[in-house]
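Here are a few exercises to work through with the model open beside you. Try each task on your own before you read its solution.

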Amino acid sequence: MTNAHVRTVRRAGGAAALVVAFALSLTACGSDGGGAPKGEASVSSAPAKTDDANGGGGTVPDTDNVLVTIKNDQGIDMVVNSVVRDEGGFVTVSGQFKNNGSKFWTTPVSWSGEEAEVSRTGRSLAGMTLVDSLAKKRYYVLRDTDNRPLTTTGFAPRIDAGESLTFFAQFPAPAESSKQVDIQFPGFNTAKVEIP
């Protein structure tokens, strides 16, 4: 074997070792402490019972309790099943989007809101707001320390005919004296709900 051939074999072996080491380092750095790999959308869930077969919605609200049904002009109903004021200083709104039409319906990008930081986290319901008309305040969906909205995320881009998408969204709680707020969400009319 010539010296030139030996040098070529050594270079190829060194390059292969570098590729393996690089691949291992990427694998080791690819997750955030046991959660979902970085860059992938995750399904958030509220502190309630969950059902992974509900289209990625995360929560299963008590569907027997209907506070309000808000219709859009394309056969989709936004059904609010509960509005709960929690001791931690926030309000959780839970419900379902129901497709009562005869064909699938594509969920609009506007549901995720207009904030660039939040839109990078993937599909969400960050565009939902609560308005306290009495106090003249608007409340946006809460964010965690990584700027991810505390609402249903990672859901499918469409709702099939006859299917529903369950949801939750958490907001800062209005003052105890505020017992009624308006829910505003892109594509739906405004509706009033009571806060216990």
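**Exercise 1. Find how many bridges join β1 to β2, and which way the two strands run.**

Start with β2, which covers residues 76–86. Four bridges link it to β1, and the two strands run antiparallel. Strands here are DSSP runs of E with at least two residues, helices are runs of H or I with at least four, and both are numbered from the N terminus. Two strands count as paired if DSSP finds at least two bridges between them.

Before going on, a word on the model: it is predicted, local features need pLDDT of at least 70, side-chain atom pairs count only at pLDDT 80 or more, and totals for chains, interfaces and linings use all residues. Residues are numbered from 1 along each chain as its sequence is written, and side-chain values use heavy atoms, with hydrogens and water left out.

**Exercise 2. Sort the residues of β1 into a covered and an uncovered face.**

V68 and I70 make up the covered face. T69 and K71 are on the uncovered one. In general, side chains in a regular strand alternate between the two faces of the sheet.

**Exercise 3. Work out the strand order of the open sheet, and why one side of β1 and of β8 has no neighbour there.**

Step one: the four strands come in the order β1-β2-β3-β8, with antiparallel pairing. Step two: β1 (68–71) and β8 (164–172) are at the edges with a single partner strand each, so one side of each has no neighbour in the sheet. Step three: ignoring direction, neighbouring strands are turned by 25° against each other on average; the axes are lines fitted to C-alpha atoms, for helices over the stretch in contact, and angles run from 0 to 180 degrees between N-to-C directions.

Seven of the nine residues of β8 are buried.

**Exercise 4. Decide whether T92 is buried or exposed, and find what it touches.**

T92 belongs to β3. Its relative accessibility is 10%, so T92 counts as buried (buried is under 20% relative accessible area, exposed over 50%, partly exposed in between, with a 1.4 Å probe and protein chains only). Leaving out residues up to four places away in sequence, T92 touches several others, among them S82, V84 and F168; contact means heavy atoms within 4.5 Å. Its side chain also makes a polar contact with that of Q170, at 3.4 Å.

A polar contact is a pair of N or O atoms within 3.5 Å; within protein, one must be able to donate a hydrogen and the other to accept it, and residues adjacent in sequence count only if both atoms are side-chain atoms.
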